[in-house]
Amino acid sequence: MIKIKKVKDFNNKPAFSKASKMPCRSWSLPALATCPASKDKNGELVDACKGCYATTGNYIRFDSVKAPRVHNQKDWKRDSWVADMVESINLNDKFFRWFDSGDMYDLRLANKILEVMKLTPATEHWLPTRQHKFPKFQAVIDLMNALPNVVVRLSSDSIQGGIIAGEYTSTIILDSTYTTSAMTLCKAYENKAQCGSCRKCWDKDVKTIAYPQHGEKMAKVNKNLISLLEVA
């Protein structure tokens, strides 16, 4: 479940959301529409994005859930956006997640996020992204990860535990039995899909987080992938 402010409260202010699983607020954008790295060289969605949770359920069912993400896609371009974000985060957030849907699709947005991170040193920031696929984003990702309060996790396209190169990364696995010594398992599924006291996604000592697959859409993607592999 996603809890958000009413649409009428968004005027000239960032819109925040809070997924029921998460221990903190998020700032997010529309899924896929702001995820250029969700597609492969042939223009097809990569496996991890075919099963994206942010393209199902409440994310697409309710205008009240879609509205803040659509608002944010325009709102970040305001001159005072950084100052507004910094003020809100400094007042409210010990931990903060960027993008429970969407991605930092524009380099100008990425650089603004970097400024927010710099100006909120008491807040731990976690930002998952696929934009690492585009070389022009590498410098800003490196600057973000150089900050002591920031972890930018590079997302693998795999749903079968494929690990990509990077300082901090994440991947998707079928279930906990597919965890390897190179991974740190997300155990939210053992805790009623809640993070609880776990903050490993924000932890600079954790190199790779492995998320077990969840949801009917992802299960269907996995079934289709296995069928294709068996045919091959």
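Helix 5 (residues 107-118) and helix 6 (residues 138-146) have axes that come within 10 Å and cross at roughly 10°. That puts helix 5 roughly parallel to helix 6 (the label goes to angles under 35 degrees). Axes here are lines fitted to C-alpha atoms over the stretch in contact, with angles running from 0 to 180 degrees between N-to-C directions. Helices are DSSP runs of H or I with at least four residues, numbered from the N terminus.

This is a predicted model, where local features need pLDDT of at least 70, side-chain atom pairs need pLDDT 80 or more, and totals for chains, interfaces and linings use all residues. Residue numbers start from 1 along each chain as its sequence is written, and side-chain values use heavy atoms, leaving out hydrogens and water.

Back to the helix pair: the crossing is left-handed, meaning the near helix is turned anticlockwise from the far one by less than a right angle. On the helix 5 side, L107, A110, N111, I113, L114 and M117 make the contact (heavy atoms within 4.5 Å), and they meet V140, L143 and M144 of helix 6.

Now the cysteines. The structure holds zero disulfides, a disulfide being a pair of cysteine sulfur atoms within 2.5 Å.

| Cysteine | Relative accessibility | Class |
|---|---|---|
| C186 | 14% | buried |
| C201 | 12% | buried |

Terms used: Buried means under 20% relative accessible area, exposed over 50%, partly exposed in between (1.4 Å probe, protein chains only). Helices (H or I, at least four residues) and strands (E, at least two) are DSSP runs, numbered from the N terminus. Angles under 35 degrees count as roughly parallel, over 145 as roughly antiparallel, 65 to 115 as roughly perpendicular and the rest as oblique.
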